[in-house]
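Subject: Structure handover

Hello,

Please find the structure below, followed by notes on what was found in it.

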Amino acid sequence: DLADSSGTIYDPKTKKTIDKIQFRLMYFPFYVNDGTYSGSISGAPGSITLIVNGTSVTGTVRGTYKYTLFDEIHSEPFTGKVTGSLSDKGGLSGSLSGSVGGAAFTGTLSGTISKGVARGSWTTKAATTASGTFTARRK
């Protein structure tokens, strides 16, 4: 609300009188990328949900990991969680952990968030290594 733009307030931290809008921006920052992002992942078909709150990123992944063993195609369900951070310039980095077919996996995720779209790549390691990409849009 710009109605406060002519108002001032004393900031005890800086020991200066500043306008109320500047005060709000300093102590209650607005993060343009905040929100919930939903989309798909490739490499192991599935879905991703990311929750961005300031510089903190959390979320989930789920889907089906498909592989070939002795000329037979197999598939195992996977679920996992995302824990990471977002830089001031929209750089996304994080870790993945969960289970695939009852076995634990760990991995990494990296990418960017810009204009309401999160995109990047991921890599995991369990019995084998898997990798792919993801794209998710803010709801």
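Asp71 sits in the loop between β5 and β6; helices (H or I, at least four residues) and strands (E, at least two) are DSSP runs, numbered from the N terminus. The phi angle of Asp71 is near 65°, a positive value in a residue other than glycine. Asp71 is exposed because its relative accessible area is 77%; the cut-offs are under 20% for buried, over 50% for exposed, and partly exposed in between (1.4 Å probe, protein chains only).

With 82% relative accessibility, Lys115 counts as exposed.

Before the rest, a note on the basis. This is a predicted model, in which local features need pLDDT of at least 70 and side-chain atom pairs count only at pLDDT 80 or more, while totals for chains, interfaces and linings use all residues. Residues are numbered from 1 along each chain as its sequence is written, and side-chain values use heavy atoms, with hydrogens and water left out.

Overall make-up: the chain has 1 helix and 10 strands, in the order β-β-α-β-β-β-β-β-β-β-β from the N terminus on. Its radius of gyration (taken over C-alpha atoms) is 21 Å, well over the 14 Å that the globule rule (2.2 Å times the number of residues to the power 0.38) gives for 139 residues, so the chain is more spread out than a compact globule. The C-alpha trace spans about 75 × 25 × 20 Å along its principal axes. Buried residues make up 28% of the 139 residues.

Two strands count as paired if DSSP finds at least two bridges between them. β4 and β5 pair in the antiparallel sense over 8 bridges, and Ile51 has Thr58 in β5 as its bridge partner.

The largest nonpolar core has 23 residues. Such a core is a set of buried Ala, Val, Leu, Ile, Met, Phe, Trp, Tyr and Cys residues joined through side-chain atoms within 4.5 Å. Ile48, Leu50, Phe78, Leu92 and Phe134 have the most contacts inside this core. Two or more residues each come from β3, β4, β5, β6, β7, β8, β9 and β10. Leaving aside residues up to four places away in sequence, Ile48 touches Phe134 and Leu109, among others; contact means heavy atoms within 4.5 Å.

Thr79 is in strand β6 (residues 72–86) and is partly exposed because its relative accessibility is 37%. Beyond four places in sequence, the contacts of Thr79 include Val61, Ser97 and Phe105. Asn33 is in the loop between α1 (20–27) and β3 and is buried, with a relative accessible area of 13%.

Regards
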